[in-house]
Amino acid sequence: MTDAQAIRNWHGTGDGYGYLWWNITLDSARGPLDGFFASGWGGQHIVVIRELRLMVVLTGAYYEGPPPGLDFEGIVETWVLPAVSPGE
């Protein structure tokens with residue numbers, strides 16, 4: 001069993017990836033928000049933004065790439081973040 005602190009301190013490959021998760025910075029009305037995400041085949045995504053205590057789960061069936069305008073980052077920035085931070 002791996003110590004939980006060791007997992008939190010591990011930075012993976014140096015390009016923002018480790019333990020099947022990627023680091024991400026999303027744009028919002030309150031400024032940049034740091035988080036992390038996991039991606040699966042066909043448009044499956046889990047996005048976590050600790051500062052907002054937010055987890056977003058997206059499912060899809062886009063096996064040849066998402067349609068224009070439906071990338072997960074755009075969905076979270078355009079629709080989810082404004083809904084959880086109204087007025088900011």
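Which residues does Asp27 touch, not counting residues up to four places away in sequence? The model at hand is predicted, and the answer takes a short walk through its fold.

Start with the layout. The protein has two helices and five strands. From the N terminus on, the order is α-β-β-β-β-β-α. Of the 88 residues, 28% are buried. The exposed surface comes to about 6,300 Å², and carbon and sulfur atoms supply 57% of that area. Among contacts with a separation of 6 or more, 26% join residues 24 or more positions apart.

The largest nonpolar core holds 13 residues. Leu26, Val47, Ile49, Val56, Val76 and Leu81 have the most contacts inside it. Two or more residues come from each of β2 (21-26), β3 (33-40), β4 (44-49), β5 (54-58) and α2 (72-84). Helix α2 gives the most, with four residues.

Leaving aside residues up to four places away in sequence, Val76 touches Leu26, Val47, Val56, Leu58, Leu81 and Pro82.

Back to Asp27. This residue is found in the loop between β2 and β3. Asp27 counts as exposed because its relative accessibility is 52%, and the cut-off for exposed is over 50%. Asp27 and Val76 are 49 residues apart in sequence, yet their C-alpha atoms are 9.3 Å apart in space. With residues up to four places away in sequence not counted, Asp27 touches Glu77 and Leu81. Leu81 is also among the core residues with the most contacts, and Val76 touches Leu81 too.

Terms used:
Residues are numbered from 1 along each chain as its sequence is written. This is a predicted model: local features need pLDDT of at least 70, side-chain atom pairs count only at pLDDT 80 or more; totals for chains, interfaces and linings use all residues. Side-chain values use heavy atoms; hydrogens and water are left out. A nonpolar core is a set of buried Ala, Val, Leu, Ile, Met, Phe, Trp, Tyr and Cys residues joined through side-chain atoms within 4.5 Å. Buried means under 20% relative accessible area, exposed over 50%, partly exposed in between (1.4 Å probe, protein chains only). Contact means heavy atoms within 4.5 Å. Accessible areas come from the Shrake-Rupley method with a 1.4 Å probe; for residues, only the protein chains shown count as cover.
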